[in-house]
Amino acid sequence: MSSPLRQLHEPPTGAPPWVPLAWFGGALAWLILSALGLYCIAPDLAAGNLYSPRVFAVTHALTLGVLTSAVLGALHQFIPVVMGVPIRHPRVAIAGFWLSETGTALLVYALWHWNLRLQLGAWIIFFAAVGAGSWSVLPARRRATQNRYVGVFVSVGHSALGLAMFLALARIGHGLGWWEVSRDGLLVAHLHLGLVGFGTLTAVGFGSKMIPAFLRSSAAPEPARFDRIAGLAAVGLIVFSAGAIWNRSWLVWIGGFLLLLSVVQHLAVIVGYWKSQTVPRLDPALGFIGAAVLWYAVAAGLGVWLLVTRPPGGPIWAAYVLAFLLGWLIHLILGVLHRIGPRLTANLLAL
């Protein structure tokens with residue numbers, strides 16, 4: 001039976017359920033593979049050997065395979081509902097999904113075996129995947145009828161992803177002998193643009209609507225406050241990345257301080273949601289989200305420690321990356337999937 005026509009005042013529904021479910025299914029498959037990969041690289045992580053090709057491979061399985069797939073799936077589901085603008089075309093989104101999974105698989109293989117030419121090919125495929133996804137969702141910011149501040153986070157997050165990909169290309173070109181770039185500073189900037197810029201800022205934008213809804217919180221999001229968080233994070237990322245790439249410690253300090261301010265403000269907002277929550281009991285989704293917030297604070301503390309001590313490498317860096325990626329972002333993704341995955345599956349079966 002066909003669903004009744006949507007009234008004019010109602011926001012557009014999300015993309016067809018098979019679109020976000022494809023992205024979420026890819027994220028879960030990569031999560032399983034990443035877990036196996038973590039078992040293989042545990043000795044390298046314990047020794048702080050972060051430049052091992054296998055460490056790079058598993059890290060990108062988590063960031064591109066799990067994080068990016070989950071974020072793009074969530075964007076295709078929530079953009080229409082939260083911002084009142086439909087995505088452009090579901091089939092373009094699915095094409096982006098297959099390009100993303102292909103590019104990620106090729107990149108993980110190329111990193112594991114350290115084949116620079118395959119890395120370049122994977123980069124081109126993944127660039128096309130991001131282009132397809134962005135074409136579907138980014139125009140929503142300009143045409144949004146509600147919650148425009150969320151679109152700011154989505155746009156800044158995608159911009160950070162683009163810069164992270166540009167730095168990855170610079171590093172691949174260096175390995176192929178095309179030009180010379182600094183390894184350590186470039187990798188630090190690349191890491192933060194991906195985890196803080198793309199992953200966290202997108203999570204902040206959509207979390208401003210999802211987390212209070214999941215908690216049935218009476219605390220309403222304050223767009224002006226989120227605009228400040230976005231501004232601090234964006235400027236901080238640019239300054240921090242520039243300082244890391246050009247080895248200017250004063251820029252690293254300023255950028256790191258601005259990033260810390262944005263994180264502290266965001267944590268204060270989340271604490272406000274939890275204080276005013278009215279759910280009768282925590283379910284698995286909220287358990288994952290609560291754990292994610294705790295790891296978010298731990299990662300921020302480790303970031304301050306690294307900013308102050310500036311060690312050249314070692315286990316503390318591994319702990320920082322794991323706390324940020326596995327503790328904060330992956331736990332948050334699992335919490336969201338626990339809540340919306342069954343609903344999307346039921347909608348798909350009802351078609």
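A contact means heavy atoms within 4.5 Å. The model is predicted, with local features needing pLDDT of at least 70 and side-chain atom pairs counting only at pLDDT 80 or more, while totals for chains, interfaces and linings use all residues. Residues are numbered from 1 along each chain as its sequence is written, and side-chain values use heavy atoms, leaving out hydrogens and water.

**Exercise 1.** State what share of the contacts in the chain with a separation of 6 or more comes from residues 24 or more positions apart.

*Solution.* Such residue pairs account for 79% of these contacts.

**Exercise 2.** Describe the fold elements and the overall size of the chain.

*Solution.* Step 1: there are 11 helices and zero strands (DSSP runs, H or I of at least four residues for helices, E of at least two for strands, numbered from the N terminus). Step 2: the radius of gyration, taken over C-alpha atoms, is 20 Å, close to the 20 Å of the globule rule (2.2 Å times the number of residues to the power 0.38) for 351 residues, so the chain is as compact as a globular protein of that length. Step 3: the C-alpha atoms fill a box of roughly 60 × 40 × 35 Å along the principal axes.

**Exercise 3.** Characterise helix H3 and its surroundings.

*Solution.* Step 1: H3 covers residues 90-112 and reaches 33 Å from first to last C-alpha, close to the expected 33 Å (1.5 Å times one less than its number of residues). Step 2: its buried residues (under 20% relative accessible area, 1.4 Å probe, protein chains only) include Phe97, Glu101 and Leu111. Step 3: the buried residues of H3 pack against helices H1 (18-47), H2 (53-83) and H4 (116-137). Step 4: just after H3, Trp114 takes a positive phi of about 50 degrees.

Key: Buried < 20%, exposed > 50% of the residue type's maximum accessible area, 1.4 Å probe, protein only.
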